[in-house]
Amino acid sequence: MSLFHIVIYGSLLIFIVAILARAARIMRMPLHLRWELQPVPHERPGASTFERVDWWTHSRDRSRFGELSIMIPEILLLKGVWEHNRGLWFASWTLHFGLYLLIGAMVVILLHAVLLVAGVLADAFVPVVLAAVTRPLAIAGGALGTVGAIAMLIRRITEPGMRRYATAGHFVNLAHLGAIYVTALLWALLDGGFVAETATLYAGVLTAAPLPSLPLIGYLNVAIVLLFFIYLPFTHMTHFFTKYFTYHMVRWEDTPNTAGGRLEEKIRRNVSQPVSWAAAHVGANGKKTWLDLVADTGEVKRETEEA
Amino acid sequence: MPGANGKQQPRSVRDIGRRSERLAHVAVEELMPLPAPYDVSEDFPGIAPLKDETRARYGASATLDDTLAAGIPQPATEEDERKIVEAFLSGLRKLFSRENNWTFLQPLVLSMEHCARCQTCAADCPVFEASGRNELYRPTFRAEVLRRLYFRHVKPGGAWYNTFHSSGLELTYDLVARLFELAYRCTLCRRCAQSCPIGVDNGLITHDLRKLFSQELGWAPKELHNKGTVQQLTLGSSTGMNKLVVKDNIEFIDEDMSERLGWEVKTPWDVQGADMLVIENAGEFLAWPENHGCTAAILNGAGLSWTMSSEIAGYDGVNYGLFYDDVQLARVATRHFRIAKQLGVKKIVMGECGHEHKALGVIADRVGLDLVPRESLLTLVRDIVYSGAINVDPSRNDFPVTLHDPCNIVRNMGIVQPQRDVLRKICPQFREMTPHGIRNYCCGGGSGFAIMSPNNFEQWRNLISSRKKFAQILGAFADTELNDPEQKKYVCAPCSNCKGAIRDMLDFYGAKEKSGIYYGGLVELVVNAMAGAAEPILDWEMM
């Protein structure tokens, strides 16, 4: 196993562990009070649960299709940005869709590599098809992403609202993404061996077999991508997966608290915790639980009397 | 601070912590324009300057934007300032702890750590737009202040790395004092949250900022705390009415309503085993008594088994804790549940009060165990009207009617159709505002603003936070003669706080005198349409 192998495995490991840790941290946070926000798409279209008399006696309609009808246009077309911030849409969509295409290219290369490892001949139908789509995908992704990174950089600098709230991290993120796009584009465009090299590279990573030699632009691209894997889990760019939580665990989370229901134990745990807020009216002392504090209004009464 | 285009606005987030005479100022000519006859800025002078003694007393918290909604007296010494900063820091850490903020920790952290600062939310904020896009009111401004403090003082990861991703911000007393005041420049309407592609919620951030100040420092507007939840929990109602007074008032309302309708309207009290406990906003009993009278007339007319409670907090559905303090929210809600349990009712019916709907109907769902089902009066009224249990004659409501959607009922709960179904049946000239339903605009009185009017805050509300709604109301009646006060027009606002804000805005702009625009609730329109009533419930002269 070469140093190159170790660097690749190490980067991937950091990425996976950091992402899982972040996801676990969010998921392990206590059940929060309900804070849903319309539209909640798993409800009957155009009809909220609360629009029925005695709503708790009816079974809850849940439509996965409703959720998908919101999620797919949002993920693929950035529908929200289109509707609410049209001026940003082109930069944002090209930046994101370029990445989707590059990820698509990586998936195709991975499939190609799996077939190679499995001993499927390179001139068989499926490998030929995969090889044929790899380069166009990478070129399209690299080109679109490059345009997006430049457009977003211009937008960040020229739009007063975005400029005012931009941090050093925003510009580094954009430069980093831009470098990935540009190097991927140049590698796929200029190197005739791009498809074979990438498939062999992935196969080598899968089997710990010797890795192929790459052109300088190839090494550069791989290095920048690996650095991105290490860096990304520690930035706001993790919204690519935390968006699942903001939607499914906050905006669309409307499970009612019913007697004997699945939320009871979590709620019991929450309200049994000691509270230490310092304001007099709260009446906390670090030992009294939430339940103790809200059960009566003794502290509020005392505060009123003192006033 | 002078910014771009000569506007007085912060140039950067850091300005909030830098001592200056004021951080921002909105001149009348910078405000979002209104259509004629409300387009003459000379008719509406700007926000009156704060008095010198107020400025002197409130110091840094009076240097935000020439307005003072809550304010905190200036500490006497630098040592006192330092203690406040330390207390704030302590509260900040508690805000991100599992024990102290289990109520909203997860959504708060998600909103803190994943904002792309794309500003997609900005265009959807009615306060930001109405102010002429003053930077101070951009929904991300106060969120960014809290975010930078979180990254610097709470989030693990090292100061350098966190500053790299969130820039720096020096924590000063001026920042704390101004941030408290700034937490009361957002109506928590959550329109910005709807437009965020990532799901970041600036409304929640503002809500939790208010909590930090209340639950750690004991800072909250007196209308929400001392006169609000404290009075409700100790005396019985935020209006100050105890049970004797409220029963007396309701008796009077019943008698008046009986007289006007020509049949008996009677409110039942403390009926053990009734089907439903009706809890309305007690402010209605004083400000809009006919609202309760009409509710009672409808429920009686439909022959339903219902009761009100004379227990402390049992006759007042408001829960201002929703706006500033989770503990107070839970105390009020727990009291409501306990009363319903003691009466043995099958459900609680929430009257025409938006924040009662949100607080009791949704948020309180997880503050404890052994709850009682809650239902909206709007839904119930829709079923009553369509069941034929009461006879309605739409020709009695043959005047232009538009509907204001209270954010808490619509955007936060999705109750959109029932009130429309009713209006379509009983109001031949019903027309929608644009936009409406879940994309409505706030009345400008949300999050407690409707009951807050210290110093010059009411002017700020009417000129800025209610401006977009006023423009919408005018737009809804654009096909009528806006210069004709004799042509009566009705804004249906099924929420007490919204009615308060709309009342004030119509008064402020002289809309009744200039355009004949009136306002009221939904049940008033229903009863006004009831066949056989001795006299109309809507008395334009008295409205």
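This is a predicted model: local features need pLDDT of at least 70, side-chain atom pairs count only at pLDDT 80 or more; totals for chains, interfaces and linings use all residues.
**View 1. Contacts of A:Ser213.** Leaving aside neighbours within four places in sequence, A:Ser213 is in contact with A:Glu197 and A:Tyr219. Contact here means heavy atoms within 4.5 Å. A:Ser213 sits in the loop between helix H8 (194-207) and helix H9 (216-231) of chain A. Helices (H or I, at least four residues) and strands (E, at least two) are DSSP runs, numbered from the N terminus. A:Ser213 counts as exposed because its relative accessibility is 60%. Buried means under 20% relative accessible area, exposed over 50%, and partly exposed in between (1.4 Å probe, protein chains only).

Residues are numbered from 1 along each chain as its sequence is written, chains are lettered from A and ligands numbered from 1 in the order in which they are written, and side-chain values use heavy atoms, with hydrogens and water left out.

**View 2. A:Ala208 and its positive phi.** A:Ala208 is not a glycine, yet its phi is positive, about 60°. The residue lies in the loop between H8 and H9 of chain A. Its relative accessible area is 35%, so A:Ala208 is partly exposed.

**View 3. B:Asp66 and its positive phi.** In chain B, B:Asp66 has a positive phi of about 65° and is not a glycine. Its place is the loop between H1 and helix H2 (78-95) of chain B. Is B:Asp66 buried or exposed? B:Asp66 counts as buried, at 5% relative accessibility.

**View 4. Cis peptide bonds in chain B.** B:Ala36 and B:Pro37 are joined by a cis peptide bond, with omega about 5°. B:Pro37 belongs to the segment before helix H1 (52-58) of chain B. A cis peptide bond also joins B:Thr434 and B:Pro435, where omega is about -10°. B:Pro435 is found in the loop between strand S6 (430-431) and helix H20 (457-465) of chain B.

**View 5. The surroundings of B:Ser111.** B:Ser111 lies in helix H3 (residues 105-113) of chain B. With a relative accessible area of 2%, B:Ser111 is buried. Which residues does B:Ser111 touch, not counting residues up to four places away in sequence? They are B:Arg147, B:Gly199, B:Val200, B:Asp201 and B:Ile205.

**View 6. A nonpolar surface patch on chain A.** A:Leu68, A:Ile72, A:Ile75, A:Leu76 and A:Leu77 form this nonpolar patch. Together they have about 430 Å² of accessible area. Accessible areas come from the Shrake-Rupley method with a 1.4 Å probe; for residues, only the protein chains shown count as cover. A:Leu76 is in helix H2 (residues 64-77) of chain A. A:Leu76 is partly exposed, at a relative accessible area of 39%.

**View 7. A positive surface patch.** A:Arg28, A:Arg262, A:Lys266, A:Arg269 and B:Arg98 make up this positive patch. Patch residues have over 30% relative accessible area and no salt bridge; like charges are joined within 9 Å, nonpolar side chains (Val, Leu, Ile, Met, Phe, Trp, Tyr) within 5 Å. A:Lys266 is part of helix H11 (residues 264-271) of chain A. Its relative accessible area is 40%, so A:Lys266 is partly exposed.

**View 8. The salt bridge of B:Arg19 and B:Asp174.** The side chains of B:Arg19 and B:Asp174 meet in a salt bridge, 2.6 Å from N to O. The pair ties together parts 155 residues apart in sequence, because B:Arg19 lies in the segment before H1 of chain B and B:Asp174 in helix H7 (residues 173-182) of chain B. A salt bridge is a side-chain nitrogen of Lys or Arg within 4 Å of a carboxyl oxygen of Asp or Glu. B:Arg19 is exposed at 60% relative accessibility, whereas B:Asp174 is buried at 4% relative accessible area. Over all chains, the count comes to 47 salt bridges.

**View 9. The salt bridge of B:Arg431 and B:Asp479.** The closest N and O atoms of B:Arg431 and B:Asp479 are 2.7 Å apart in this salt bridge. Distant parts of the chain are linked: B:Arg431 is in strand S6 of chain B, and B:Asp479 is in the loop between helix H21 (467-476) and strand S7 (489-492) of chain B, 48 residues apart. B:Arg431 counts as buried, at 15% relative accessibility. B:Asp479 counts as exposed, at 57%.

Methods. Lys and Arg count as positive and Asp and Glu as negative; His and the chain ends are not counted. The place of a charge is taken as NZ of Lys, CZ of Arg, CG of Asp or CD of Glu.
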